[in-house]
Amino acid sequence: MKRVLPILKGLAIPVLVIVIWQVLSMYIQNSFILPGWETILPVLIHPAEPLFGGASLFENSIISLQRVLYGFLLAVVIAVPLGLVCGWSRSAEDYVNPIIQILRPVPPIAWMPLAIAWFKIGFGSLIFIIFIGSFFPVFISTIEGVRSIRIRWLEVAQTLGATTLEKFKTVVIPGALPSIWTGLRLAFGVAWMCLVAAEMLPGTSAGLGYLIMFAYNLGQIQVIVAGMIVIGVIGIVSDYIFRIGQTKLFGWQGKE
């Protein structure tokens, strides 16, 4: 019962929203403003069926997820090592920090014109936008993770005669991992939002963002809602995976 109760609590508000939505849709009786669930559910129940003569909801979801993973992993590969170096060396941070602080406030979608100019419309420009959105949360979290390492851990390593490389391998990286993991969790959510927004721009021919915009142009609001639900479900599942990983890998946090 203890495990079931949190699930029931989490479902209470979504169920209430669905009920209110359905009542309002019956009252408004305008599917372009608020489609009823009797039109939304068929799209969700049959995700493999082609939509508008093209890819299905499932296929568009897979395409978007692949793009997110490519851009996200590229950001991780670059941001984590750079963050470790800047977190460890104040001198390195002095070189990198100014450009980071200049670029960080720029919304990822604002890079789209340059991304198209550099990588043309399509896969390359989308990956670049996801990379930009993912990079900064991971980079900042990595620096903070290194800076939050307890001094006595480094002192013990120093006492045992550890070299700088050995300190990195045995103290710095393990000690910074919880913060890095949090940065990965935040970055993945940002990456997903960046992708969907970028897929809505002209020139894209697949993905959930494209599907939502294409459905809007055709007045198929039920498909828009179904796409939004899929985005939300993927977000919940991915965040759940990150939280499970955090519990399994870093359950020792806060314990002496």
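**Overall architecture, surface and salt bridges**

Of the 256 residues of the protein, 39% count as buried (under 20% relative accessible area; exposed is over 50% and partly exposed in between, with a 1.4 Å probe and protein chains only). The model is predicted: local features need pLDDT of at least 70, side-chain atom pairs count only at pLDDT 80 or more, and totals for chains, interfaces and linings use all residues. Residues are numbered from 1 along each chain as its sequence is written, and side-chain values use heavy atoms, with hydrogens and water left out.

The fold contains 10 helices and 0 strands. Helices (H or I, at least four residues) and strands (E, at least two) are DSSP runs, numbered from the N terminus. The order along the sequence is α-α-α-α-α-α-α-α-α-α. The C-alpha trace spans about 75 × 55 × 30 Å along its principal axes. Contacts (heavy atoms within 4.5 Å) were examined between residues at least 6 apart in sequence; 71% of them join residues at least 24 apart. His46 and Phe139 are 93 residues apart along the chain, and their C-alpha atoms are separated by 40 Å. His46 belongs to the loop between H2 and H3. This residue counts as partly exposed, at 42% relative accessibility.

The protein exposes about 15100 Å², of which carbon and sulfur atoms supply 71%. Accessible areas come from the Shrake-Rupley method with a 1.4 Å probe; for residues, only the protein chains shown count as cover. A nonpolar surface patch covers about 950 Å² and is made by Leu16, Ile20, Leu24, Tyr27, Ile28, Phe32, Ile33, Met213 and Tyr216. Patches are made of residues with over 30% relative accessible area and no salt bridge; like charges are joined within 9 Å and nonpolar side chains (Val, Leu, Ile, Met, Phe, Trp, Tyr) within 5 Å. Helix H1 (4-28) and helix H9 (208-217) each supply at least two residues of the patch. H1 gives the largest share, 5 residues. Ile33 sits in the loop between H1 and helix H2 (37-45). Its relative accessible area is 55%, so Ile33 is exposed.

There are 16 positive and 11 negative side chains, and the centres of the two sets lie 8 Å apart. Lys and Arg count as positive and Asp and Glu as negative, without His and the chain ends. The place of a charge is NZ of Lys, CZ of Arg, CG of Asp or CD of Glu. The count of salt bridges is 5 (a side-chain nitrogen of Lys or Arg within 4 Å of a carboxyl oxygen of Asp or Glu).

Glu199 pairs with Arg67 in a salt bridge, with the closest N and O atoms 2.7 Å apart. Glu199 lies in helix H8 (residues 164-199) and Arg67 in helix H3, so the pair ties together parts 132 residues apart in sequence. Both Glu199 and Arg67 are buried. Glu199 is also among the contacts of Ser64, which include Trp192, Leu195, Gly207 and Leu208, neighbours within four places in sequence being left aside. Ser64 is part of helix H3 (residues 57-88). Ser64 is buried, with a relative accessible area of 0%.

A second salt bridge joins Asp239 and Arg185, with the closest N and O atoms 2.6 Å apart. Asp239 lies in helix H10 (residues 221-250) and Arg185 in helix H8, so this pair ties together parts 54 residues apart in sequence. Asp239 is partly exposed at 25% relative accessible area, and Arg185 is partly exposed at 28%.

Glu93 and Arg90 also form a salt bridge (3.7 Å, N to O). They are 3 residues apart in helix H4 (residues 90-103), and therefore separated by about one helical turn. Glu93 counts as buried at 15% relative accessibility, whereas Arg90 counts as exposed at 54%. Arg90, Glu93 and Arg147 are linked in a network of salt bridges.
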